[in-house]
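Here's a quick briefing to read with the model open. Take a look at the fold and the ligand site first.

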Amino acid sequence: MLKDERCRDHEIERAAELLRCGGVVAFPTETVYGLGASAFDPVATARIFEIKNRPRFDPLIVHLAQTDWIDRVAQNIPPAARSLAQRMWPGPLTLVLERRDEVPDIVTAGLPSVGVRLPDHELATRLIRAAGVPVCAPSANPFGYVSPTTAEHVRSQLGAKVDAILDGGPCRVGIESTIISFMGAQPTVLRHGGVPVEEVESVLGCVLTTAQPGDPVAAPGMLKRHYSPAVRVVLFDGEIPAPPDGCCGLLLMAKRPAPTGFAAVETLSHNGELGEVARHLFAALRRLDAADITTLYAELAPHVGLGVAINDRLRRAASV
Ligand code: TXA
Ligand code: MG
C-alpha cells in the first residue's frame, strides 16, 4: 500500500471515529461538500444547525454507504422509488420517502418523510461505511450562501467550527442533488439538480411535475432567495449588457466576445457544455463575490437538461 493511501485510510478512520462520537465532519460528495453527523445522533445533528445558522424547519438529507441501507431510515418504499435507487445510485439523486421512527425529528424537521441518497464519491462512502451509520448532511456553507465545491470553501467559512474536513479536491458535478418526493399520489420534483429530470422520467416512464412553494410536499428549504452571493445579481439572456459603471462583473456560460469595462469576468465553459458549467458555477460565484464589484451580470443557461438546475440556482441568487 502506498504511503498516501495509508494516510488517507488513517484520516478516514479518524473522521469516522469522530462521527461515531458525536462529531461534525465536512466531507466531499460528487455534488458539493456536506457537513455531516450521525443521522441517529440528535445532539450532533443540532450542532450542524448551529454551525450553519440553519432554521430548524429545514430537514437534512441522510447519506448512505450502500443502497440496502435505505431500509435503516425509510419504510413502505414504493417499487418505483426502489427501481430509481437501483438504476441511479450512486449519484446526485435524493429520494424523499416515508421515514422510520429511528430517525430523530431534528433530522427530518418533524416531517413524516426523510430525504436519502447514496453519494457517488469514494471518500464519502468510505467515511460513511467506516462510521457504520447513515450520515445526515446539508451543504457545508452558512445557510443561504453558495454551496462549497472545494475543501478550501469549507475551511474559509466554517473551518474553525467543525471537527474535521476531508479534502477530496473539487466536486465533479458541482451543483446539489435532484430531489424527488414519493410522499404524494405521484412522484414530484422538489429540487432540480445534478441528474436532469428527463433522465429520471425515462426510468419512471412518466412526466414529472415540479412542486411549487406552498404545495404540501414542497421542500421546506427551497426559499426564493438562496445559493446567494452578497453581490447584487442581475440575470440576462442573449446579448451581453454594457456595464453602466466600472464596478460590474460578468458571468458567461461560454467563451465569447464581451463589451469592455467589466471589472471581473468569469467564463464557465469553453463551449457552454452544461456539465462543465455546473462544475464551475459555485467557485466562479465565490470568486466574483470576492472581487471589487457591486453588480454581477449573470447569463442564463439554455433551459434544458442540467440548464434547468443551473438557472434555478442563478434565479435564487438574483432574488431579493
Ligand atoms: O447534493 C446534495 O444534495 C448536497 C450534498 C451534501 O449531499 N446536500 C444538500 O443539502 O444540498 P441541503 O441541506 O443544502 O439541501 C437539502 C434540501 C433542502 O431544501 C431540504 O428542505 C430538502 O433537501 N429536504 C431534505 N429532507 C426533506 C424531506 N424529508 N422532505 C422535503 N424536503 C427535504
Ligand atoms: Mg444547501
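In what order do the ten strands of the open sheet run? The order is 7-1-2-6-3-5-4-8-9-10, with mixed pairing; strands are DSSP runs of E, at least two residues, numbered from the N terminus, and two of them pair if DSSP finds at least two bridges between them. This is a predicted model, where local features need pLDDT of at least 70, side-chain atom pairs count only at pLDDT 80 or more, and totals for chains, interfaces and linings use all residues. Residues are numbered from 1 along each chain as its sequence is written, chains are lettered from A and ligands numbered from 1 in the order written, and side-chain values use heavy atoms, leaving out hydrogens and water.

- Strand 7 (164-165) and strand 10 (209-210) sit at the edges, each pairing on one side only.
- Strand 4 (residues 93-98) runs antiparallel to strand 5 (residues 113-117), with four bridges between them.
- Val96 has Gly115 of strand 5 as its bridge partner.

**Shell around ligand 1**
- There are 26 residues around ligand 1 (a heavy atom within 4 Å), and Thr31, Asp58, His63, Ser177 and Gly221 come nearest.
- Strand 5 gives the most to this shell, four residues, while strand 3 (61-63) and strand 9 (188-191) each supply at least two.

**Polar contacts (N or O pairs within 3.5 Å)**
- For Arg54, a polar side-chain atom is 2.9 Å from a ligand 1 oxygen.

Terms used:
A polar contact is a pair of N or O atoms within 3.5 Å; within protein, one must be able to donate a hydrogen and the other to accept it, and residues adjacent in sequence count only if both atoms are side-chain atoms.
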